[in-house]
Amino acid sequence: MTSRKLLHLHNINPRTHSSLRYHTNSSTLFAPPFLPKPPSVLATTVIKSYFEMGLVKEARILFDEMPDRDVVAWSAMISGYTSCNSHANAWRMFQEFLRDGAGVQPNEYTFSSVLKACKNMASLSCGALVHGLALKHGVLGKIYVENALMDMYGTCCDGMERACAVFEEIRVKNSVSWTTLIAGYTHLGDGNGGLKVFRQMLVEEAELNPYNVSIAIKACASIGSQAYGKQIHATVFKRGFETSIPVMNSILDMYCRCIGLVEAYRCFKGMKERDIITWNTMIAGYEKSDPHESLKLYSVLEFEEGLNPNCFTFTSMIAAVANMAVLGIGEQFHGGVLRRGLENDTGVANALIDMYAKCGNVINSCKIFDEMEAKNVVSWTSMMVGYGSHGLGKEAVELFDKMVQSGVKPDRVVFVAVLNACSHTGLVDEGLKYFESMVKNYDITPDQEIYGCVVDLLGRAGRVKEAYELIESMPFMPDEFVWGAFLGACKAHKLSELGKLAASRVLDLRSSVAGTYLALSNIYAADGKWGDFARIRKLLRGMGSKREAGRSWIEVRTRVYSFVAGDKLGLHIEVVYETVDVLSLHMREVGFINLDLDCLILDLEDGT
């Protein structure tokens, strides 16, 4: 290929184009003031430009036309494919290099680039092969290769043993080495391991920078350690990193996750510069504990700061609206999603499914689910939960079967959703079938929550003895929630003997859940055991806590009205109670006369 042939390629940046033209005409011009670059170097520069613009196909065509390819050209192709998320092509290019490289030897940049591809393919076998080749070519002492090896092993392995082995072999560690190791532990969910490495880094007086500090803060958030987080926060101010937006965003996230929203808001107000991630972090932090504050922050974000909300903003805001169960506002956010063209984002669609279901409009949930182009396991789970909460257990079961047929593997959360749906609609046999399938077909070990679901499933159907036998067969000690589900079944079916049999187990656990003691005391009351009733109530008062009252609310003409059982305050409360009396009368007329009013009164006496 002649250098003139390069002139016919399009989309070349002006600087490179000028160099190519100069080299082409250099034979007819006066003596150049500098030595022109050879065509292979210029072609490699063009290849890099193509990858920067996402022109992967053009980069490959130009590479194939190069008669002489040096290690820089090969490495540029491997690195370019990796940067464009075409990791399989990067791996194939590396294989082609080893096979057709005509004696050209890969260098440390080649190996570091292909190791990034192995990491992103999550291919431990390919990464280990590259490790061996790096040893063979004598580049293991190069810091770029060793850092890339650590990153690959930390991502592709279930533990950090191999990454730590590589780390220990590094003679002179730089800040990237330390950051990579801390990040590896944190991403595997071992925040304590990440903080241990960070402390070692401080002891060895390694260089601190915003990147490793941010990762260390994320490690604190992952283990819920506000104490360690505050120490690192102090280090941030000591080292002058408080002007780094990513660092401060990590601190906000740490405080939000560690239930330190007051401190998070103080840091938020003290930030001189904020980006959309800053606002998203605070909105997500308030989503569950104070969704009204999330709404206020969103209003400031869009109407005062003039920032454009993204898919993460809408995901958090729709979840906040779901927690408030205010359909009108949820529909407004849905409109905002449509106006910005974000309806195809999987996370946003999942949040909309959940929001509509919690607001009582499961039809819209189903419509959004059916229109999704790509569904993940959360999509299926959200729809199953929506069906279950509306008493549509049959639909939830059918959806589970469709999910399996579509090739999506159910996880533990999916089984919790389908078991709850079966429980609330009396599909006992189907629920037991899924419980058995979970263990045999999907190798998921049941935990306390799963066992609690199955106990509730059997208990609601009146198969209380089977529920007790299941509890007795559990491979670990049942917790207070399992016993709570069982006691609820004993109370509902008036099986005082079984209830009292379980009572001693509950008391041995020294349960901190007030509802468990209430259920037990009501069983004694229904059986006329007033001495035992008084003893349990005394224990309950000694706990210094009451069962949290269930709060309900409805939206009427853009206003939200909330109330609890026994509420005597509020607008039109007399009309509310008159309506309740009418409903009770209708219930008695159609046969629902077995109202457990005695236990209700006993609960109300304790403010529950």
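This is a predicted model: local features need pLDDT of at least 70, side-chain atom pairs count only at pLDDT 80 or more; totals for chains, interfaces and linings use all residues.
A residue counts as buried when its relative accessible area is under 20%, and as exposed when that figure is over 50%.

**Entry: S250**

I looked up S250 and found it in helix α14, which spans residues 245-257. Its relative accessibility is 7%, so S250 counts as buried. Next I asked which residues S250 is in contact with, leaving aside its neighbours within four places in sequence.

**Entry: the whole protein**

I stepped back for an overview. The protein has 608 residues, and 45% of them count as buried. I found 33 helices and 2 strands. The accessible surface comes to about 32500 Å², with 54% of it belonging to carbon and sulfur atoms. I also checked contacts with a separation of 6 or more: 57% of these are accounted for by residues 24 or more positions apart.

**Entry: α18 and α19**

Two packed helices are described by the angle between their axes and the distance between the axes. I took both values for α18 (residues 311-324) and α19 (residues 327-339): the axes come within 9 Å and cross at roughly 165°. Angles over 145 degrees count as roughly antiparallel, and α18 and α19 are therefore roughly antiparallel to each other. I logged their crossing as left-handed.

Which residues meet here? On the α18 side I have F314, M317, I318 and V321, and on the α19 side I329, G330, F333, G336 and V337. Sorted by class, this contact has 7 nonpolar residues, 2 polar ones and no charged ones.

**Entry: positive phi**

Most residues other than glycine have a negative phi. I went looking for exceptions and wrote down two.

A122 is not a glycine, yet has a positive phi of about 55°. I located A122 in the loop between α6 (108-120) and α7 (124-136). Is A122 buried or exposed? At 54% relative accessibility, A122 counts as exposed.

E205 is not a glycine either, and has a positive phi of about 55°. Where is E205 found? I traced E205 to the loop between α11 (191-203) and α12 (210-223). With a relative accessible area of 71%, E205 is exposed.

**Entry: recap**

For my own reference, S250 is buried, whereas A122 is exposed and E205 is exposed as well.

Conventions. Residues are numbered from 1 along each chain as its sequence is written. Side-chain values use heavy atoms; hydrogens and water are left out. Axes are lines fitted to C-alpha atoms, for helices over the stretch in contact, and angles run from 0 to 180 degrees between N-to-C directions. Helices (H or I, at least four residues) and strands (E, at least two) are DSSP runs, numbered from the N terminus. Angles under 35 degrees count as roughly parallel, over 145 as roughly antiparallel, 65 to 115 as roughly perpendicular and the rest as oblique. A crossing is left-handed if the near helix is turned anticlockwise from the far one by less than a right angle, and right-handed if clockwise. Contact means heavy atoms within 4.5 Å. Ala, Val, Leu, Ile, Met, Phe, Trp, Tyr, Cys and Pro count as nonpolar, Asp, Glu, Lys and Arg as charged, and the others, Gly among them, as polar. Buried means under 20% relative accessible area, exposed over 50%, partly exposed in between (1.4 Å probe, protein chains only). Accessible areas come from the Shrake-Rupley method with a 1.4 Å probe; for residues, only the protein chains shown count as cover.
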